[in-house]
Structures are given as structure tokens and as C-alpha cells.
Amino acid sequence: MSKPKNNSRLGYFLNDYGMIVVLLVLMVVLSLVTIARQQPTGASAGKNIAKQINALKDPTEFLLITPQGKLDFEIAQGIQQHIDQRHTLVNSVHGGPREANLAIRAAREAGKKITVIACTSASAKWDPVKNAEAKKIIPSSYIWPNFLMPDNLVTIAQRITVIAIIAIGMTMVIITAGIDLSVGSLIALSAVVTGVLIRDCFGGKDAGTLGLWIAAIGGIAACVVVGFSTGFLVAAFRLPPFIVTLAMMLLVRGVANVLSQQRTIHEIPVAFDVLGKGYVLGIPIAVWLMFALFAVAYFVMSRTTLGRQIYAVGGNEEAARLSGVRVKRVLLIVYTICGLLAGLGGVIVCSQLRSAKANYGQMDELTVIAAVVVGGTSLMGGQGKILGTLIGAFIIGVIQNGMNLIHMDDKTQMIVLGSVIVIAVLLDRIKKGQVKWSDIKNVFTS
Amino acid sequence: MQKKLLRFLVLALIPVVAVACQKSSTNSDGDNSAGDAKKKVGILLQTTENPFFNDLAKAAETELGSEYQVIIFGGDKSADKQAKQVEDLINQKVDALLITPCNANAVGAPIRAANQAGIPVFTADTACLDKDVRIEAHVATDNYAGGKLAGQAMIQALGGKGGNILVLDYEQAESCQERVRGFKEVIDAHNADSKNQNAQIKIVSELPSLAEESASRKQTKDALKSNRDLVGIFAINDPAALGAVAAIEEEKLQDQIKVIGFDGQESGKIAIRDGRIYADPIQFPKKMGKRSAQFIKKYFAGEDVPKVEMIAPKLYYKADADADPELKNKK
């Protein structure tokens with residue numbers, strides 16, 4: 001591995017986390033290709049509309065027509081706060097085109113001279129609004145990428161939460177030169193166990209907070225047991241992790257199917273949404289949880305004995321054993337952690353969708369492994385960085401989100417995602433100076 | 001090292017900027033006519049693997065016409081993937097969503113998100129069972145009525161005789177549960193009516209088909225080992241029916257066992273023409289797509305839209321297939 005020539009902090013940082021450059025490039029690309037007109041929302045949209053109406057010479061009687069989104073209701077307030085006395089807001093309608101139609105007719109029939117209709121860019125497209133004989137005023141737009149809208153950035157963080165959290169455990173497992181294919185099935189198991197507990201033990205839709213906690217812990221505990229068993233089989237019998245976890249993948253998926261009787265478990269109270277959909281300071285709770293877990297994992301991997309031991313086991317198991325590392329215990333711990341985090345992921349999915357089914361998390365094990373590998377962790381073991389994995393997860397999330405934003409169909413998305421994974425891993429190799437021309441030549445000559 | 005990186009960055013940015021310039025110039029073209037901008041409709045399909053959904057989407061797109069920009073995504077039957085697609089479409093501020101849910105309950109979460117963003121939601125095929133959401137209209141096949149038709153076709157196929165039959169179900173989908181419910185009701189009524197012991201139709205086994213060909217083939221083969229005397233099979237969709245047909249033909253029992261399918265996909269219709277499947281209650285995905293699109297247009301025109309519309313299925317026999325212009329020259 002080549003070390004950077006200058007010993008600056010930036011140099012080391014880029015050497016360790018070179019993938020951040022790929023992430024930034026992707027973000028720049030997607031920002032440029034998703035540039036679009038944006039309108040302010042909420043109260044500021046109202047203020048903007050009020051200003052435009054205030055600029056009109058004659059006093060007007062006007063209508064406000066918006067869809068019934070959460071933020072649309074604040075537009076009326078914004079208008080009322082900033083509108084001049086000489087203008088009258090006759091009626092504000094929050095609904096669909098039908099309601100708009102009725103309101104326009106009612107206002108006309110009541111003898112109001114509606115000269116202006118204030119609307120959003122969405123309601124401006126409705127036929128009754130479009131065809132009404134009145135000046136339409138929409139909040140003035142500005143140019144900004146769809147990709148970089150705050151809502152979209154939150155969506156990206158939210159879409160990778162589950163993958164990223166599980167990828168923490170997967171990184172540890174892969175650093176010990178192992179692999180865990182069972183995490184996708186564990187998502188299903190955890191969701192189903194949580195769902196079944198809520199439905200059958202805590203009263204379904206009427207379950208209290210305590211019951212929800214116990215159910216969630218139950219779901220996670222089931223996965224901890226599976227993770228522990230995997231670790232035990234790998235450590236005690238020296239079975240290849242690939243085979244053990246492949247078996248677990250099937251076994252756990254089967255158990256989840258049996259437990260749920262192949263039905264969707266939907267008797268889950270609204271309160272359970274908090275974990276997946278609750279917000280603190282504008283960021284979903286699950287996303288805070290993800291960042292917190294990464295902070296803890298970063299500390300564990302770089303500052304604690306256990307972290308050093310995990311790297312040692314993957315680097316050279318025999319040398320680690322001879323220098324006093326309890327290899328089997330380390331293996332047991334990493335697979336258990338991986339199971340635990342997969343269980344947590346399952347609970348989050350269950351909360352996000354407010355339902356549980358045995359087909360959740362299918363193929364997610366591969367996305368998790370991809371995030372880890374793109375993040376620069378070597379499948380050979382001994383090398384890898386927790387924060388690299390976070391970057392890897394973001395790269396995958398950004399690509400998936402970006403491809404949806406530019407309307408790429410989902411089959412082409414597979415091609416792009418596959419190619420990006422190959423390119424990312426190749427770039428990482430080249431950057432670390434691990435690619436030799438002679439190796440490439442030897443493929444064809446020897 | 002950093003120099004190299006810098007060079008790499010600059011190189012990478014050139015095509016990016018080129019693409020972006022092109023894109024943004026087309027964007028500004030579109031915005032010149034911002035007054036009557038196209039309405040964007042996101043169509044979310046359960047899967048693009050099943051032609052049923054592709055037909056539905058295409059018909060909807062055609063019906064919506066040039067005033068609408070249509071974005072189509074397939075959800076690979078994953079509720080989670082579909083939820084994420086809906087969220088990405090909300091971020092693009094689409095004007096309406098037409099969803100064929102991957103999961104009748106789990107689809108509630110993304111629909112709620114669309115509701116909060118003020119985007120109208122229409123559903124087709126599978127209904128959303130989460131009552132906590134606002135849906136403008138739902139268009140679906142009357143699966144229960146279809147199941148009853150399948151039952152009548154089975155009685156007809158057996159020609160007044162009874163015997164043991166097999167049902168290949170798919171309990172994961174509520175629509176398929178409805179089909180089996182309707183089927184069983186007709187068979188039970190038939191058994192109650194006919195005093196003749198020989199005319200009794202008995203469902204000896206009900207196996208999961210996974211709604212696909214290979215699983216159904218295996219299930220049918222296994223069922224034939226224990227029940228060599230089967231006289232009929234009802235499969236909840238065409239891929240499952242074709243799997244059953246494949247197993248029957250491998251065992252050379254095609255003269256003994258009659259198969260009833262469901263859906264009326266092209267492969268199913270061809271099998272009916274060739275006499276391999278007796279009959280299908282057929283669904284009308286194109287009609288479903290067309291009706292959904294009409295409702296979306298009505299909605300934007302400010303007209304009333306019915307909350308639910310059920311499209312009645314129809315039995316489709318060999319005679320229908322022989323006369324079907326769409327099947328000419330198809331193998």
C-alpha cells in the first residue's frame with residue numbers, strides 16, 4: 001500500500017477515504033442533471049404571493065387554491081400576514097381540482113370579481129384553475145437541482161439507513177475475512193417477530209409504548225440468537241462463513257415465512273411510526289440513530305482493543321492467535337453484532353412500512369456487501385474502514401435516488417449500479433497502487 | 001497523489017458539464033411554456049416482469065396522451081423498493097401517482113407520504129388495505145367474481161362428472177385469495193346441488209404456486225405422485241397454470257386432467273388456443289389502465305371520480321382464442 005508522499009492530514013484522509021471523491025463527483029453530476037425550477041413552500045410561499053399581489057395597482061378580490069399537502073395549509077397564513085388591507089382574500093381552498101372548481105363558481109355566483117387566483121405550481125396545472133378567467137399568481141420560482149433539495153437529501157439518508165446500519169456489522173465481519181449472507185433474511189425475521197409480538201401479545205393496534213419496546217427488542221433478540229449461532233458454528237467448527245450464512249439465509253427466511261404464515265402483519269399501531277418516520281430537528285430519528293451507531297463503531301474499531309483484535313484476526317489469524325488474541329471469541333462477537341444490527345434494521349423497516357412480511361429484505365444482503373466493498377473494505381480481510389462503509393452506502397443511495405430522479409427504468413438501473421460498483425472498486429485499487437501492469441499482461445500470456 | 005486526484009476530478013467533470021448543459025438547455029425550453037406545463041404522472045408497477053402490468057401501464061400512458069408526462073417504475077414485488085420509488089417521485093413533485101401496490105398494507109406508508117405532499121394517489125389492481133390514507137380512485141378486477149367463473153368453467157370442463165382436483169394458490173396476494181374463495185363457493189354449491197355421488201368435485205389439495213411457472217410445475221409433479229387420479233387443476237394465474245400444464249404433459253396425463261387458469265396473458269391465451277388450458281377468466285389490464293387514466297384526467301378536470309370501479313372478468317375459451325386477432329401467427 002502506497003502512503004501519500006506529503007504527510008498532511010488531507011493526504012491521509014484521501015488515502016483512507018478516497019471514495020468520498022467518487023461520492024462528491026456523483027453528487028455534482030446529479031445536481032447538474034436535475035436542475036429545475038423550484039417554488040418556495042409553506043409560509044414563505046404565502047409571503048411571496050402576498051408581495052406579488054401587493055404590487056398590483058388596483059384592489060383585488062382573490063382566491064387561494066392549493067393542494068391539500070401539509071405545507072400548503074401554511075400558505076394562507078403567510079398571505080394573511082403580508083397582504084395589504086386593500087386586497088381581499090375571498091376564500092382559500094385546500095383540496096383538489098373539484099374543490100377548486102366549486103370554489104371558483106361559488107365566488108362568482110356570490111358576485112365577487114375574482115381577478116386573481118393565487119395558487120401553487122401544482123394547482124396552476126388543474127383545468128378549472130388553468131381555464132378560469134383570472135390572473136394566476138404562483139410563488140416566484142428559483143433554479144435549483146431537485147437532487148439538492150433538502151427533502152431529497154433527507155430521503156437519501158433515509159433510504160440507506162437500514163443498509164448502512166447493517167453494513168457496520170458486515171464491515172466487521174468482512175474485516176475478519178468472513179461474510180454474512182443471512183442479513184437480508186434477518187431483516188424479515190426481525191420485522192416478523194416484532195410484528196407478531198405486537199399483534200399477539202401487546203394488543204395489535206392498541207399496543208402501548210412499553211409493548212412496542214418489548215416487541216422491538218424481541219425482534220432484535222431473535223436476530224442476536226441467529227448471529228450468535230452463526231458465530232458459534234464458524235468459530236467452533238471452523239466452517240466456512242459463506243456456507244454457514246448461506247444456510248442461515250435459507251433457514252431464517254423459512255422461519256419468517258412460517259411465523260407470519262405468509263401473511264402481511266399489519267396490526268401495528270401508528271405510534272410505531274416514530275422510529276422510521278419520526279423527525280427530530282428535521283432529520284428522521286432512524287438517520288440520527290445511524291450516525292450515532294457509526295460514531296460508536298468508529299470508536300470501537302479505531303480506539304479499542306476489540307477493534308484492533310478484529311483487524312488482527314482478519315489480517316493473519318494464526319499470528320493473532322499466537323500473540324494472544326482470543327480469535328474464536330472475536331468471531332463470536334462480530335457475527336453476533338452483525339445479527340443485532342440486522343435485527344435493528346428489520347425493526348426500522350417494520351416501522352417505516354408499518355407492517356411486516358416474510359419477503360422483506362430480499363437481496364439486501366448483496367446491497368449491504370456492495371456498500372462495504374465500495375467503501376474500500378477488502379474481502380480478503382484485515383483491511384477496511386467503518387467510515388468508508390458509510391461513504392459506500394451513501395454512494396449506493398445517491399445512485400439509486402439519482403437514477404429515479406432522472407427517470408431511468410429499473411432494469412437499466414441494475415446495469416448502472418453494477419458498473420459503478422466495479423468501477424468504484426477498481427478505482428480504489430488503482431489509487432492504492434495495488435494494480436500492476438504486469439499482472440494485467442499475465443492474464444493473457446501465462 | 002493529490003495532483004493525480006485533481007486531474008482525475010477535472011477529467012471526470014468534463015462529460016458531466018457537457019451533459020448538464022444539454023439537459024439544462026432543454027429544461028429552459030420546457031419552462032418557456034410554463035403556463036401550460038405538462039402534468040407529470042408517476043406509474044408504479046408491482047413488477048415489470050409480468051406483462052399484465054406492462055399492458056396496464058402502456059394503456060394508461062396512451063390514454064393520458066400528450067398533455068401528460070408519464071414516468072414508469074417497476075417495484076420488483078418489493079414493498080420497500082416501491083416505497084422508496086414513491087418518495088423519489090414525491091421529491092420530483094409529480095402531479096399524480098398511479099400505484100399497483102406490491103403489498104396491500106405496506107403501501108399505506110408511501111401513500112401517506114404522498115398525501116402529506118398534497119399529491120393525489122390512484123390505485124389499480126391490488127387495493128390499499130391501510131384505511132389511514134386518502135385515495136382518489138381504485139380500479140380493479142372483481143377477483144371474487146372471477147373465481148366464481150373459474151369454478152363454473154371447472155364444472156363445465158369435467159362435463160357433469162366429478163373427481164379429485166388440485167388448487168394452486170398464492171396466499172400472499174389478497175387478489176388471489178379472493179379468486180380461490182369464489183372458486184370454492186361455486187364448487188361447494190355444485191356439490192350441494194348434485195345428489196349424484198359421482199358428480200362430487202373434491203379439492204384434495206391446495207398448494208402454494210408462488211404465482212410462477214417453475215414452482216407450480218414442481219408442486220403439480222409432487223401432487224401427481226400422491227394423487228394420480230386428478231381430473232382438474234385450478235391455478236390462480238397463467239404462469240401457475242402453465243407450470244401445471246408442463247408437469248401434466250411430462251406425466252402424459254393431458255387427456256385426463258383439465259386445467260383452468262386466470263388472467264388471460266398472451267402465453268395463457270395461446271395455451272387455451274392450443275388446448276393445453278381449458279379456459280381462463282380473463283382480466284382486462286388494458287381496460288384497467290385506460291380507466292385509471294380516464295379517472296386521472298377527470299380528476300384534473302375537476303369532475304367527480306368514483307372511489308372504486310370493479311371490472312368484471314370474462315371466461316375465455318378455445319373458440320375465443322381461435323377468433324382472437326391478437327393471437328394470429330403467434331406460437
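1. What is the accessible surface of chain A, and what share of it belongs to carbon and sulfur atoms? It comes to about 19900 Å², with 64% on carbon and sulfur atoms, where accessible areas are taken from the Shrake-Rupley method with a 1.4 Å probe and, for residues, only the protein chains shown count as cover.

2. Before going further, please note that this is a predicted model, in which local features need pLDDT of at least 70 and side-chain atom pairs count only at pLDDT 80 or more, while totals for chains, interfaces and linings use all residues. Residues are numbered from 1 along each chain as its sequence is written, chains are lettered from A and ligands numbered from 1 in the order in which they are written, and side-chain values use heavy atoms, with hydrogens and water left out.

3. Chain A has 19 helices and 8 strands, these being DSSP runs numbered from the N terminus (helices H or I, at least four residues; strands E, at least two). Its C-alpha atoms fill a box of roughly 90 × 60 × 40 Å along the principal axes, and 52% of its 446 residues count as buried, that is, under 20% relative accessible area (1.4 Å probe, protein chains only). Of the contacts in chain A with a separation of 6 or more, 77% are between residues 24 or more positions apart, contact meaning heavy atoms within 4.5 Å.

4. Chain B has 331 residues, 55% of them buried, and contains 11 helices and 12 strands. For chain B, the accessible surface is about 14300 Å², 52% of which belongs to carbon and sulfur atoms.

5. At the interface, 60 residues of chain B are in contact with 62 residues of chain A. The two chains bury about 5200 Å² between them, 50% of it on carbon and sulfur atoms; this is the accessible area (1.4 Å probe) that two parts lose on being put together, summed over both.

6. The rule finds 9 salt bridges across this interface, each a side-chain nitrogen of Lys or Arg within 4 Å of a carboxyl oxygen of Asp or Glu. Arg159(A) forms a salt bridge with Asp88(B), where the closest N and O atoms are 2.5 Å apart.

7. Several elements of chain B give two or more residues to the side that touches chain A, among them helix H3 (79–91) and strand E2 (68–74). The most comes from H1(B), with 13 residues.

Notes:
Buried < 20%, exposed > 50% of the residue type's maximum accessible area, 1.4 Å probe, protein only.
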